Amino acid sequence: MPATYEAISSTTLTSATSTITFSSISSAYTDLKLVFVYKGTNGSAGRFTLNNDTSNLYSYMYVTGNGTSLSGTQVSNTSGPVPLTFGTSSPTTTFVTSIIDIVAYRGSTNKTILGTTHMNQGATTGEVNRVAYLYRSTSAITRIDLTRTSGAFDVGTMATLYGILKA
Amino acid sequence: MANTYVLIASSTLTSTSSSVTFSSIPNTFTDLHLRGNTRDNSNGFTQAYVELQVNNSSSGYSFNLIRNNNGNTVSALAQSGTIWSEQYPAGSGSTATADTFSPFEYYIANYNSTNSISWGSFGVAESNHTTTEATGITAGLWTGAAAITSIKITASNNFAAKSTFFLYGIKNA
């Protein structure tokens, strides 16, 4: 049986870094999965940008919970980078897990993305969310940038991009 | 290029069992992905849940979640000091919908870390009954400061026969 779930590239930070970039992403796969385990040097949110495009071709809709209450909304025609979390400050001592699934990333239609973040800060604070993103571009995804609203990703942050084949 | 998504171990129950344990988990992967499809054998439509325990540790756990466990109300919850990592009702017992199982998954990233280890879980249940449908999304954290070498999954009562568990390892290279 052929390998259908392959690591394209992986980065583990040994020093604080503001931007993690996956570029020249191969077109050899069907879908992409980005597994991002991170913490920051301050509480600002993690974000991502596709194809280095900061135009307003993005939209998203989310549901999120912070341990005591729920919220959700839809945001249209917004500029990249787009957020991975909504409301709760990112931790500086524990790690957040965000998983980004980009379906049909090389196709000629707009790109739909499923985002999931699990953030637990060791007490009764944190955030868990699921997000539907849309990137209204018909170009193949060849680059992903991970940034924060401000500040850097801290040492130990790990990002791995997987390619998933349908055959 | 090597296959990076590998089945480490699996278990399919042939009789009821209170828990399933995967031990001696190798450290050769980056992340772990646990997938299950389970049924609790508690009577009637009693809501059931799954506990996740690592390294036989009884401390250092916390979670926060979003869930709908009665078919119409979505709520948020956070707790610490517990191994109660995900909650969802499973179709169960002799008076519940027969042959109905509930899938769940845990994604445990960077499980060899000696810092705190975080994970996410997602589980659903549908029993054709107005008060036992469920969807649960959970963020969990364990501050045991050790690589994970064993995982124990415990039912709120007992897992029914035919419940299945699959543990996968994922490499980043």
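**Ground rules.** I number residues from 1 along each chain as its sequence is written, and I letter chains from A and number ligands from 1 in the order in which they are written. As the model is predicted, local features need pLDDT of at least 70, side-chain atom pairs count only at pLDDT 80 or more, and totals for chains, interfaces and linings use all residues.

**Where the chains meet.** I began with the contacts, where two residues count if their C-beta atoms, placed from the backbone, lie within 7 Å. I found 33 residues of chain A in contact with 34 residues of chain B. Among the elements of chain A that give two or more residues to this side are β1 (5-12), β9 (111-120) and β10 (126-135). Strands here are DSSP runs of E of at least two residues, numbered from the N terminus. I then sorted the residues on the chain A side and got 15 nonpolar, 16 polar and two charged. For that sorting, Ala, Val, Leu, Ile, Met, Phe, Trp, Tyr, Cys and Pro count as nonpolar, Asp, Glu, Lys and Arg as charged, and the others, Gly among them, as polar.

**The sheet in chain A.** Next I traced an open sheet of eight strands in the order β1-β12-β3-β8-β9-β10-β5-β6, with antiparallel pairing. Two strands pair if DSSP finds at least two bridges between them. β1 and β6 (70-78) of chain A each have a single partner strand, so one side of each lacks a neighbour in the sheet.

Is I25(B) buried or exposed? It is buried, because 22 other C-beta atoms lie within 10 Å; the cut-off for buried is 20 or more, for exposed 12 or fewer, and partly exposed is in between, with C-beta atoms placed from the backbone. I25(B) sits in the loop between β2 (17-22) and β3 (31-38) of chain B. Leaving out residues up to four places away in sequence, I25(B) touches I8(B), I148(B), T149(B), S150(B) and I151(B).

**Backbone details in chain A.** I noted a cis peptide bond from G80(A) to P81(A), with omega near 0°. P81(A) belongs to the loop between β6 and β7 (82-83) of chain A. N52(A) is not a glycine, yet has a positive phi of about 60°. N52(A) counts as exposed because it has 12 C-beta neighbours inside 10 Å.

Methods
Helix = DSSP H or I, 4+ residues; strand = E, 2+ residues; numbered from the N terminus.
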